[in-house]
Amino acid sequence: MPDLSRMRRDYDQPVLREDDLAATWVEQFDRWFADVVASGAADPNAVVVATADADGAPDARIVLVKGYDEAGFVFGTSYASAKGAQLAVNPRAALVFPWHALQRQVRVTGRVERIGDTASDALWDPRPREAQLAAVASVQSTVVDSRDELEARVRLLDSETPEGSVPRPPVWGGYRVVPETVEFWQGGPGRLHDRLRFVRDDEEGGGWLVQRLAP
Ligand SMILES: Cc1cc2nc3c(=O)[nH]c(=O)nc-3n(C[C@H](O)[C@H](O)[C@H](O)COP(=O)(O)O)c2cc1C
């Protein structure tokens, strides 16, 4: 077994000060997202989404964020999936963008809402036909007998569906995570990392506070 206890590296990002932060979380996210894209790191828009069921049992998986703005972060998935069932009873989530290449992570917590048909179509339509067929044929998160069975379903669907785009099934759509907190974490020398968190402040009529957290 490899010796994991010796796997560590020093973090050496410059100190992140309150004065360095953009005025809003979304502008700060813009800056860091541009940095991670420029770094060439794979899947810069991949995010870990944590959800919980009615009993509070946690679950987590990676999805691709397809857009973000002041209103929140949007991803597409099956509403009938495990995450969909969890969000139906407990519409809250936490996100982690794990940007190891830059010694950074962004953590988000918030409410989750469905984005509606028009916005879901906008996520669905650019998907390649192959991906659309797979999404329809695969009843996400259900147990299947075999890979062969899934491939057979895709082939059947392909033969039954006219050339071109596959219609979006109502069970597939987008969710938006509406942030209540957005934390920017950057690894610093001596493990004294920086953590600056935007927190929605309802007292301030929709304003945001910035808090520093101990690392
Ligand atoms: C890099 C990467 C990107 C992914 N993107 C998505 C996505 O955008 N939407 C999605 O439903 N699943 C995506 N998945 C698959 C999910 O991690 C997960 O297997 C699937 O959504 C079922 O999760 P659930 O059973 O918890 O609902 C992605 C996986 C990886 C590794």
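I kept in mind throughout that the model is predicted.

**Entry 1: the shell.** I started with the residues around the ligand. They are Asp43, Arg61, Ile62, Val63, Leu64, Gly76, Thr77, Ser81, Ala82, Lys83, Gln140 and Ser141. Sorted by type, the shell comes out as 4 nonpolar, 5 polar and 3 charged residues.

Entry 2: On the backbone side, a polar atom of Leu64 sits 3.1 Å from a ligand oxygen. Gly76 also uses its backbone: an N or O atom there is 2.9 Å from a ligand nitrogen. For Thr77 I found a side-chain N or O atom at 2.6 Å from an oxygen of the ligand. Then I checked cover: on its own the ligand has 620 Å² of accessible area, and the protein covers 64% of that.

Entry 3: Of the shell, β2 supplies the largest share, with 4 residues.

**Entry 4: aromatics.** I counted aromatic pairs next, and the structure holds 18. I picked out Phe73 with Phe97, a tilted pair with 5.5 Å between centres and 50° between planes. Phe73 belongs to strand β3 and Phe97 to strand β4 (residues 92-99), so I noted this pair as a link between distant parts of the chain, 24 residues apart.

Conventions:
Residues numbered from 1 in each chain as written. Predicted model: local features only at pLDDT ≥ 70, side-chain atom pairs only at ≥ 80, totals over all residues. Heavy atoms only, no water. Near = heavy atom within 4 Å. Polar contact = N/O pair within 3.5 Å; in protein donor to acceptor, adjacent residues only side chain to side chain. Areas by Shrake-Rupley, 256 points an atom, 1.4 Å probe, with all protein chains shown as cover. Helix = DSSP H or I, 4+ residues; strand = E, 2+ residues; numbered from the N terminus. Nonpolar A, V, L, I, M, F, W, Y, C, P; charged D, E, K, R; others polar. Phe/Tyr/Trp six-rings, centres within 6.5 Å; stacked < 30°, edge-to-face > 60°.
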